[in-house]
Amino acid sequence: MVLVSSPDVISKNSKHAEGPVKLAYSYRRFSSKNQTGNTSLQRQLELAQTVCNDKGWKLIDLPPDEGVSAFNGGDGELAANFHKGNLGAFLKKVKRGEVKTGSILILERLDRFSRNFFDLVFPVWLNLLQSGIEIYSCVSHTHYTLAEIRKNPMLAGMALMELANANEYSRNMGQRIGRAITLRLAECSKGAKMNLGTWQPRWIDFIGTPKQPGDFKLNDHAETIQRMVREYLAGESMYSIAK
């Protein structure tokens, strides 16, 4: 199998050359920009490649959503990856009829699709199937189609539970992170220098272990901040500084 990054350029898998070959759109995502250096995206791609090799599908790797949340969207709103991420762009193409019926959205797990409230997510998941798009979860080896969930409603129930569990996990994780930050802020109030993660200004690097006191070091962005302050104190307007 040869990986392609555009639906206009698709290669053949010689192992499964007979009959029509399905298009499998691999959607990859991670939530935090702090994860940029890890292997998550590569792992997700390798899983999709393995499945497509086994099934004889043609893999189209969608641009990944890097640092785009599948959880936060506000009360009653879908998460960011649904309306401004590459998943959102794919869903719009489906709605416009630009994705071939019978194509597959391939995911590492359903939580890559969304970690938002299941009552918001499940209708979108179901609408995809009703639009003729299939969904494949690599880790659980589950292939969801409209015909299959109509024949076996428990399959839809399994997906609903997985989406609900993904939401619960993210909510619990958020609470744990909040408690950890509170403890670190308490240490900071005593004079300790602690890693504050995403709360930390982007122009400061923390030097040390994540959960122990360390030191702060100005990085390359600090000069920009210092220049902005100097110009503001010199009487420059915010508009001229930004320009």
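The side chains of Asp61 and Arg28 form a salt bridge at 2.7 Å, N to O (a Lys or Arg side-chain nitrogen within 4 Å of an Asp or Glu carboxyl oxygen). Asp61 sits in strand β3 (residues 58–61) and Arg28 in the loop between β1 and β2 (29–30), so the pair ties together parts 33 residues apart in sequence. The model is predicted: local features need pLDDT of at least 70, side-chain atom pairs count only at pLDDT 80 or more, and totals for chains, interfaces and linings use all residues. Residues are numbered from 1 along each chain as its sequence is written, and side-chain values use heavy atoms, without hydrogens and water.

**Salt bridges**
- The structure holds 11 salt bridges.
- Asp61 is buried at 10% relative accessibility, and Arg28 is buried at 9% (buried is under 20% relative accessible area, exposed over 50%, partly exposed in between; 1.4 Å probe, protein chains only).
- Glu134 and Lys22 meet through their side chains in a salt bridge at 3.0 Å, N to O.
- That pair links distant parts of the chain, 112 residues apart: Glu134 is in strand β6, Lys22 in the segment before β1.
- Glu134 is buried at 12%, whereas Lys22 is partly exposed at 30%.
- Arg109 bridges to Asp111, with the closest N and O atoms 3.4 Å apart.
- Shared partners join Arg43, Glu108, Arg109, Asp111 and Arg112 into one salt-bridge network.

**Nonpolar cores**
- The largest nonpolar core has 30 residues, of which Leu105, Phe113 and Trp125 touch the most other members (a core is a set of buried Ala, Val, Leu, Ile, Met, Phe, Trp, Tyr and Cys residues joined through side-chain atoms within 4.5 Å).
- Helix α4 supplies the largest share of this core, six residues.
- A second, separate core of 11 residues includes Leu45, Trp57, Ile104 and Ile106.

- Strands and helices are DSSP runs, numbered from the N terminus (helices H or I, at least four residues; strands E, at least two).
- Strands β5 and β6 pair in the parallel sense over four bridges (pairing needs at least two DSSP bridges).
- Tyr136 in β6 is the bridge partner of Ile106.
- Glu134 and Tyr136 point one way from β6, Ile135 and Ser137 the other way, and all are buried.
- His141, in the loop between β6 and β7 (142–144), has a positive phi of about 55° although it is not a glycine.
- His141 is exposed, at 60% relative accessible area.
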